[in-house]
Amino acid sequence: MSALLTIAGLTAHYGDFQALFGVDLTLDQGQTVAIIGANGAGKTTLMRAITGVAKVTAGSVRLAGEEITRSPAPDILTRGVAMVPEGRKLFPSLTVEENLLIGAHARRGNGFWTLERIQTLFPILKERRLSPGTALSGGQQQMVAIGRALMSNPQVLLCDELSLGLAPVVIKEIYAAFPQIKDSGTSIIVVEQDISQALRVADHVHCMMEGRITLSGRPSELSRDAIHDAYFGVNHA
Amino acid sequence: MMLIDTLAQGMLLGGLYALFAAGLSLVFGIMRLVNLAHGDLIILAAYLILTVATVTGLHPFVAVLIAAPLMFGFGWLLQTHLLNRVLGNDILPPLLVTFGLSVVIQNGLLSTFTADSQKLTAGSIEAASVDLGVVTLGVMPVLTFGSAVLVIFLLNQLFYRTALGRAFRATSDDAVTAQLMGIRPQRVFAMATGIAMVVATIAALYLGTRANFDPSIGPARLLYAFEAVIIGGLGSLWGTLAGGIVIGLAQAIGASINPEWQILSGHIAFVLVLLIRPRGLFPRAND
């Protein structure tokens, strides 16, 4: 496996506040990586820094060997990194179908994901296609947000807090789509506060605290205690 | 009989105000920018049509086909090089800059074309009329109103039926998330201002053939346009047409009572609508 996304020494600020302190992370082709951590650990800033929305002050982000650090957000999307933003951020003026179509705004040529394939993945989106995007339930809105990101046929899909504010049964339904997304050749980074969900889908897990990665490993290698300590910042040493 | 005539004339006049307002409404709807130079840009377009018509000898209706793309380019450059730099969370800088632009355009026109009144001459069509039995309508006012309806219909189609329109709406909703979709808000804004200037050129054609114009009359056109947009409800294009008609009707009714009351009646109608419906007649649900 070769590294698709390589993040080295990434430092970013959120206003005057330094939110990331030299984060290193790699995502291999076909891999799913989970980033877990409490509120304010810097997970969302990391996602925003990768996609060009947050300002990077040092370090680099490379996609398939090419530097994309500090590229404008639309360029990064065009290069193949799409994001499902925290809070879903659907466009209220657009219908469900238009929200999906706008995901393909910058797309050139064909790819696996089409409107029909998204509507097959999440059939409710076909049924509700003419509703305003924001009239849907939280879970359905999350499906629109995932579908919208997939419409650009990304190499890398970043999912920020998919399960936030959703019922467990809905979270399960959303994560049930992951095998198909992986099969389409997309590599995934999920940011999660739901640790058990993260351990279930990921090939590799990183735990963040106060802007740093404090623990990394395969889900099978990491003990519950170690994750618990890294998550809450307890130090037994 | 007299009343029907007054109402018909007022409604047709509303078409002209809707044309003044459509570009303003479009730009405000997409980038929340109140362009205080909009009236002066209409007058600039009128002088451009006049110049093209004078130099080439073309009829103003043909000259507008040359002026409109030039104004599109001007709007694009204006947005790219000036207005995009001042758009942000603070609403004051764009107001100050467009106010300054208004002053620059007025003085530029004054030194180039002098303060003499000008008019676009369209020939015999200006005096032509159609007799509908109950009421006789001028061909030019009917054309103006028809153009206003067509322009608003086309802008709506653009907004709700095309990929560009989707990008307009998405950027208006949330410019940061729009960038995550690969949309470049600054280009979207440049496109919107370009289109607004094409509409302003159409407005200028009817303004210039209907009455005299000189470099100083832009701000008054802005006021009518602004009132039409507010009456209609911010961000609603059909509302803008309705707003134009409300002002046109009020002016016609006021003028029929006493000619001095024409302008004042329009402004009073504006205040009355705001008192009864502070968000306008057709406010956008999610504003």
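# A tour of chains A and B

Select strand β7 (residues 156-160) and strand β8 (residues 187-192) of chain A: these two pair in the parallel sense over five bridges. Strands count as paired if DSSP finds at least two bridges between them. Helices (H or I, at least four residues) and strands (E, at least two) are DSSP runs, numbered from the N terminus. Within this pair, Leu158(A) stands opposite Ile189(A) in β8(A).

Before going on, some conventions. This is a predicted model, in which local features need pLDDT of at least 70 and side-chain atom pairs count only at pLDDT 80 or more, while totals for chains, interfaces and linings use all residues. Residues are numbered from 1 along each chain as its sequence is written, and chains are lettered from A and ligands numbered from 1 in the order in which they are written.

Axes here are lines fitted to C-alpha atoms, for helices over the stretch in contact, and angles run from 0 to 180 degrees between N-to-C directions.

Contact means that the C-beta atoms of two residues, placed from the backbone, lie within 7 Å.

Move to β9(A) and β10(A), which run antiparallel and are joined by five bridges. Val205(A) has Gly217(A) in β10(A) as its bridge partner. The two strands form a hairpin with two residues between them, and in the turn Glu210(A) has a positive phi of about 45°.

**The four-stranded sheet of chain A**

Next, select the open sheet with the order β2-β1-β4-β5 of chain A, where the pairing is antiparallel. Its edge strands are β2 and β5 (66-67) of chain A, each pairing on one side only.

Start with strand β1 (residues 3-14) and strand β2 (residues 17-28) of chain A, an antiparallel pair with eight bridges. Tyr14(A) is bridged to Phe17(A) in β2(A). The hairpin of these strands has two residues between them, and Gly15(A) takes a positive phi near 70° there.

On to strand β4 (residues 56-63) of chain A, which runs antiparallel to β1(A) and is joined to it by six bridges.

**Chain A as a whole**

Zoom out to chain A, with its 10 helices and 10 strands. Its radius of gyration is 17 Å, close to the 18 Å that the globule rule gives for 237 residues, so chain A is as compact as a globular protein of that length. The radius is taken over C-alpha atoms, and the globule rule is 2.2 Å times the number of residues to the power 0.38. Along the principal axes, the C-alpha atoms of chain A fill a box of roughly 55 × 40 × 35 Å.

**Where the chains meet**

Select both sides of the interface: 20 residues of chain A are in contact with 17 residues of chain B. Helices α2 (73-79) and α3 (96-102) of chain A each supply at least two residues of the side of chain A that touches chain B. On that side, α2(A) gives the most, with four residues. By class, the side of chain A that touches chain B has 12 nonpolar, six polar and two charged residues. Ala, Val, Leu, Ile, Met, Phe, Trp, Tyr, Cys and Pro count as nonpolar, Asp, Glu, Lys and Arg as charged, and the others, Gly among them, as polar.

**Chain B**

Switch to chain B, which has 11 helices and two strands. The radius of gyration of chain B is 19 Å, close to the 19 Å that the globule rule gives for 287 residues, so this chain is as compact as a globular protein of that length. Its C-alpha trace spans about 60 × 50 × 35 Å along its principal axes.

Finish with helix α6 (residues 163-173) and helix α8 (residues 185-210) of chain B, which pack at an angle of about 115° with their axes 10 Å apart. That angle makes α6(B) roughly perpendicular to α8(B) (65 to 115 degrees; under 35 counts as roughly parallel, over 145 as roughly antiparallel and the rest as oblique). For the contact, show Leu164(B), Ala167(B), Phe168(B) and Thr171(B) in α6(B), which meet Pro185(B), Val188(B), Met191(B) and Ala192(B) in α8(B). This contact has seven nonpolar, one polar and no charged residues.
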